[in-house]
Amino acid sequence: MGQLEDMAMFVRIVEAGSITKAAEQLNIAKSAVSRRLKELETRLGSQLISRTTRHSKLTQAGEQYYQQVNHILRAVDAVNERTSDAPMRVEGTLKMTAPLSFGVRHLNDVIDEYANQHPNLRFDLDFSDRRIDLIEEGYELAIRIGDLRDSSYQAKQLALIRCVICASPDYLARMGVPETLDDLDNHELLQYSLGQTNSIELVDAEGKKHYRTIDAKIKATNGEFLVDLAVKGHGITFVPTFIAYNELARGELVPVFQQYQLPVLKAYAVYPRNRFLSQRCRYLIDFIAERFGDHPYWDEY
């Protein structure tokens, strides 16, 4: 194997957290990864990873080598892109995760078009609302909505995510349209519960913020479930427009509290900060950002 391949393998070992996990991600035998690491250390004349039967840890030399080869791999990729006369070739397997509702509702057409443009590319997609450790589980890319808590990740904004408070016309005819936040005490509320607090923030016409505690009749970790219950007249829900836009467009749900501004969230493409980012990943990030942007189609209901 060449030096660049050995560098890439070493980076994968570091970011996967172990030789075993790196071998699984590379789909090669653990013994082959161990042998190549040992050969690399012999050639460099320095131990890069201190290994015991239970633990492995970067040595000081290994930490310096890791930082340097990341820069080299990125530079090589950039040079190849700038100097190649051949058509862009995107290939390999792109392992990616996205929130369930967002992925199922809005990535189908994106992946369809991107896959048609790059027939040599494979996809390994996880649509889930669970918080995945990209490095631990070997993902190149995640789409995440809301605050980014982990500074070890690099992020690029893909879209603005607007929210709406809404209910069915039948429910509002039966229970009345709430005019003030205090009116919510007389209504059934449907709340998205995964990683959320029991309050919402609203901003009035004068810029004053109002916080309201939510005492929900039904809590769920899936927004589509809540939208379906709201359509069936079970209460008022607070959801992103990317989930409720079809129901809003058909009049099955109608907004309430339009005198307030609701928090605007952001959808990001997230990837490990120091990891060499592949062409297939970079081009997909730009592709998605171009399709969605600050005024995505789901806000046109």
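In what order do the five strands of the open sheet stand? The order is β11-β8-β12-β7-β13, and the pairing within this sheet is mixed.

## The model and its confidence

The structure described here is a predicted model. The protein has an average pLDDT of 87, and 92% of the residues score at least 70. Among its elements, helix α8 (residues 169-175) has the highest mean pLDDT, 97, whereas helix α4 (residues 60-83) has the lowest, 77. Where pLDDT is low, the predicted coordinates should not be read in detail.

## The open sheet and its helices

Strands β11 (218-220) and β13 (254-255) stand at the edges of the sheet; each has a single partner strand, so one side of each is left without a neighbour in the sheet. The partner strands β8 (residues 189-192) and β11 run in the parallel sense and are joined over three bridges. Within this pairing, Ile218 of β11 is the bridge partner of Leu190.

Two helices accompany the sheet. Helix α10 (residues 241-249) packs on it and touches β7 (163-167), β12 and β13. The direction of α10 makes about 120 degrees with that of β12. Helix α9 (residues 223-231) lies across β8, β11 and β12 (236-240), and runs at about 170 degrees to β8.

## A hairpin

Strands β9 (residues 199-203) and β10 (residues 209-213) pair in the antiparallel sense over five bridges. Ser199 stands opposite Thr213 in β10. The two strands, β9 and β10, form a hairpin with five residues between them. In the turn, Gly207 has a positive phi of about 85 degrees.

## The first helix

Helix α1 (residues 3-16) has 14 residues, which at 1.5 Å a residue should span 20 Å; its end C-alpha atoms are 20 Å apart, which agrees. Buried residues of α1 include Met7, Phe10, Val11 and Ile13. After α1 comes Gly17, with a positive phi near 100 degrees.

## An aromatic cluster

One aromatic cluster is formed by Phe102, Phe242, Tyr245, Phe292, Tyr297 and Trp298. Within it, Phe102 and Phe242 form an edge-to-face pair, with 5.2 Å centre to centre and 85 degrees between the planes. Phe102 lies in helix α5 (residues 100-106) and Phe242 in helix α10, so the pair ties together parts that are 140 residues apart in sequence. Both Phe102 and Phe242 are buried.

Phe102 also forms an edge-to-face pair with Trp298, at 5.7 Å centre to centre and 80 degrees between the planes. Trp298 lies in the segment after α11 (279-291), 196 residues apart from Phe102. Trp298, like Phe102, is buried.

Conventions:
Residues numbered from 1 in each chain as written. Predicted model: local features only at pLDDT ≥ 70, side-chain atom pairs only at ≥ 80, totals over all residues. Heavy atoms only, no water. Pairing = 2+ DSSP bridges. Helix = DSSP H or I, 4+ residues; strand = E, 2+ residues; numbered from the N terminus. pLDDT = per-residue confidence, 0-100. Contact = heavy atoms within 4.5 Å. Axes fitted to C-alpha atoms, helices over the stretch in contact; angles between N-to-C directions. Expected span 1.5 Å × (residues − 1). Buried < 20%, exposed > 50% of the residue type's maximum accessible area, 1.4 Å probe, protein only. Phe/Tyr/Trp six-rings, centres within 6.5 Å; stacked < 30°, edge-to-face > 60°.
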